[in-house]
Amino acid sequence: MGSPLMRWGRHAWHALGSDGRWLDRAARQRIAERIAASEAGHGGEIRVCIERALPAAALRRGVSARARAQACFGELGVWDTAERCGVLVYLLLAEQAIELVADRGITERVPPAQWQALVDGLGSALREGRREAGLLAIIDALDALLREHFPLRAEQANPNELPDAPMLR
């Protein structure tokens, strides 16, 4: 990760960036639509959070990307779904970090290697500059997992419990 000074510099540089340059409005809309379509077919919830840089207070405390993703999981209410099957896709641009945080209902059913494969696939797409395609692919993969483990039953109500648009910070 480098020295603390280098870490601060990366975060300061990314904090100045524009959300629209990394993922434009049209791409964010398509991602939101894909999430909405996915959630119509299973009992889970998917959130995407893209954070340019950690807040200064988190940097001072030495917060890792994983710890920040877990905090966002709570802040965004992903943990608070009816069947405990929410999944957060978290990107920390300043550190080129990808984290998947899933609630216990789904983590009990999906092995760690499968989660890692999803992270690796998204990482590969992002390194190739395929931001939107990579995010859409991970949403599709999460959709398949959630349909397998949390299929909708005919009598089941399926409210949209969380916003579908990617959160940009």
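In this predicted model, Gln96 is located in the loop that links β2 and β3. The phi angle of Gln96 is near 50 degrees, which is a positive value in a residue other than glycine. Most residues other than glycine have a negative phi. Gln96 counts as exposed because its relative accessibility is 76%, and the cut-off for exposed residues is over 50%.

A positive phi is also found at Arg84, which is not a glycine and has a value of about 55 degrees. Arg84 belongs to the loop between α5 and β2. With a relative accessibility of 26%, Arg84 is classed as partly exposed, because this class covers values between the limit for buried residues, under 20%, and the limit for exposed residues, over 50%.

The strands are part of an open sheet of four, in which the order is β3-β2-β1-β4 and the pairing is mixed. At the edges of the sheet are β3 and β4 (167-168), each of which pairs on one side only.

Several helices are placed against these strands. Helix α7 lies across β2 and β3, and its direction is at about 150 degrees to that of β3. Helix α8 also packs on the sheet, where it touches β1, β2 and β3. The direction of α8 makes about 155 degrees with that of β1.

Helix α5, which spans residues 65-75, has the buried residues Ala65, Arg68, Ala69, Cys72 and Phe73. These residues lie on the same side of α5, because they cover an arc of only 150 degrees around its axis. The packing partners of the buried residues of α5 are β1, β2 and β3.

Two packed helices are described by the angle between their axes and the distance between the axes. For α3 and α8, the axes come within 10 Å and cross at roughly 10 degrees. The two helices are therefore roughly parallel, a term that applies to angles under 35 degrees. On the α3 side, the contact is made by Ala27, Arg30, Ile31, Arg34, Ile35, Ala37 and Ser38. The residues of α8 that they meet are Glu132, Leu135, Leu136, Ile139, Asp140, Asp143 and Arg147.

In soluble globular proteins, nonpolar side chains tend to be buried together. In this model, the largest nonpolar core contains 30 residues, and those with the most contacts inside it are Ile106, Trp115, Leu135 and Leu142. At least two residues of this core come from each of α3 (25-39), β1 (45-51), β2 (86-92), β3 (97-102), α7 (112-127) and α8 (131-149). Helix α8 gives the most, with seven residues. Leu142 touches Ile46, Val87, Val89, Trp115 and Leu118, if residues up to four places away in sequence are not counted. Another core lies apart from the largest one and has 17 residues, including Leu54, Val63, Ala69 and Leu162. Among these, Ala69 is also one of the buried residues of α5.

Conventions
Residues numbered from 1 in each chain as written. Predicted model: local features only at pLDDT ≥ 70, side-chain atom pairs only at ≥ 80, totals over all residues. Heavy atoms only, no water. Core = buried A, V, L, I, M, F, W, Y, C linked by side-chain atoms within 4.5 Å. Buried < 20%, exposed > 50% of the residue type's maximum accessible area, 1.4 Å probe, protein only. Contact = heavy atoms within 4.5 Å. Pairing = 2+ DSSP bridges. Axes fitted to C-alpha atoms, helices over the stretch in contact; angles between N-to-C directions. Arc of directions from axis to C-beta. Parallel < 35°, antiparallel > 145°, perpendicular 65-115°, else oblique.
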